[in-house]
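User: I would like to go through this structure with you. Could you take me from the overall fold to the details?

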Amino acid sequence: MGEYVKKKKDMVFQTVESLQQVVNIVNEAAAAVNDKSRTIRESAIPEVLTGALGAGIGGIGSFAALYGLGTVGLSAAGITSGLAAAGSVVGGGMVAGVFVLAAPAVVLAAGGVGVAAYLKNKQLKQEKERLYKEALAKHEAIIRMMKEEADADKERLDYLQSLNILLQQAIKDLKKDLGEVA
C-alpha cells in the first residue's frame with residue numbers, strides 16, 4: 001500500500017463513525033451469503049440497496065454519496081494577591097499571573113489533545129484496514145454467489161448486484177484513504 005491519507009479533508013471516511021455505513025454493507029453481504037432466499041425486501045438497508053442498483057457502477061461519486069461558577073472560600077483580595085505573586089515571577093503583575101498559572105494547564109491540555117488525536121487517528125486507520133479486508137472478502141463471496149445463482153429470480157439477482165456495487169465503491173474509497181492506488 002502507498003501512504004495513508006493523513007489530512008481529514010482528503011479522506012472519504014473521516015471518523016470511525018463514518019465507517020458504520022461500510023459495516024452495514026459488509027454485514028448485509030454476510031447475510032446475503034448465509035441466506036440464499038434473502039432479497040432487498042428482507043434487507044436491513046433496502047433504500048441504500050435500491051439506490052445503489054439505480055445508480056449503477058460509475059454513477060456514484062463516493063460511498064458516502066450513497067451512504068464559570070465561583071469557588072467558595074476564596075476572597076477577592078486573596079485571588080488578586082495570588083495572581084500578583086505569580087505574575088511577579090515573570091516580572092509582571094496580576095494579569096501576567098493569570099498566564100503564569102494557566103500555562104501548565106494549557107500545555108497539559110494541548111498534550112492531551114495531541115495524544116487523543118494520535119490514538120483516534122491510529123484507531124481510524126486500523127478500522128479502515130480491517131474493514132477493507134472484510135469488504136474484499138465479502139465482495140469475493142458476493143461475486144461467487146452471483147455465479148452460483150445465475151438462474152435465481154430477478155429480485156435475488158438485483159439484491160446481489162446492489163451489494164456488489166456498494167462493496168466495489170466501499171473498497172475503492174477505503175483504498176483511497178489507505179493510500180493504495182485504486
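User: What should I know about the source of the model?
Analyst: This is a predicted model, in which local features need pLDDT of at least 70, side-chain atom pairs count only at pLDDT 80 or more, and totals for chains, interfaces and linings use all residues. Residues are numbered from 1 along each chain as its sequence is written, and side-chain values use heavy atoms, with hydrogens and water left out.

User: How many helices and strands does the protein chain have?
Analyst: The protein chain has six helices and zero strands. Helices (H or I, at least four residues) and strands (E, at least two) are DSSP runs, numbered from the N terminus. The order of elements from the N terminus is α-α-α-α-α-α.

User: And what share of the residues is buried?
Analyst: Of the 182 residues in the protein chain, 34% are buried. Buried means under 20% relative accessible area, exposed over 50%, and partly exposed in between (1.4 Å probe, protein chains only). The accessible surface of the protein chain is about 10700 Å², and carbon and sulfur atoms account for 61% of that surface. These areas come from the Shrake-Rupley method with a 1.4 Å probe; for residues, only the protein chains shown count as cover.

User: Which residues of the largest nonpolar core touch the most other members?
Analyst: They are Val 22, Leu 49, Leu 131, Ile 142, Leu 167 and Leu 174, in a core of 32 residues. At least two residues of this core come from each of α1 (20-34), α2 (46-55), α5 (94-148) and α6 (154-178). The greatest contribution is that of α6, with 10 residues. A nonpolar core here is a set of buried Ala, Val, Leu, Ile, Met, Phe, Trp, Tyr and Cys residues joined through side-chain atoms within 4.5 Å.

User: How do α1 and α6 pack?
Analyst: Their axes are 10 Å apart, at an angle of about 145°. The axes are lines fitted to C-alpha atoms, for helices over the stretch in contact, and angles run from 0 to 180 degrees between N-to-C directions.

User: Which residues meet there?
Analyst: From α1, the residues are Val 22, Ile 25, Val 26, Glu 28, Ala 29 and Ala 32. They meet Arg 156, Tyr 159, Leu 160, Leu 163, Leu 166, Leu 167, Ala 170 and Leu 174 in α6. Contact means heavy atoms within 4.5 Å.

User: Changing topic: how many salt bridges are there?
Analyst: A search of the whole structure gives 10 salt bridges. Each is a side-chain nitrogen of Lys or Arg within 4 Å of a carboxyl oxygen of Asp or Glu.

User: What does Arg 156 pair with, and is Arg 156 buried or exposed?
Analyst: Arg 156 forms a salt bridge with Glu 149, with the closest N and O atoms 2.7 Å apart. Arg 156 is buried, at 2% relative accessibility, and Glu 149 is also buried, at 8%.

User: What about Lys 154?
Analyst: Lys 154 forms a salt bridge with Asp 158, the closest N and O atoms being 2.8 Å apart. Both residues lie in helix α6, four residues apart, about one turn of the helix. Lys 154 is exposed at 60% relative accessible area, whereas Asp 158 is partly exposed at 23%.

User: And Glu 148?
Analyst: Glu 148 forms a salt bridge with Lys 36, and their closest N and O atoms are 3.8 Å apart. Glu 148 counts as partly exposed because its relative accessibility is 48%.

User: Finally, what is Asp 177 in contact with?
Analyst: Leaving aside neighbours within four places in sequence, Asp 177 is in contact with Tyr 4, Val 5, Asp 10, Met 11, Val 12, Phe 13 and Lys 128. Asp 177 lies in helix α6 and is buried, with a relative accessible area of 0%.
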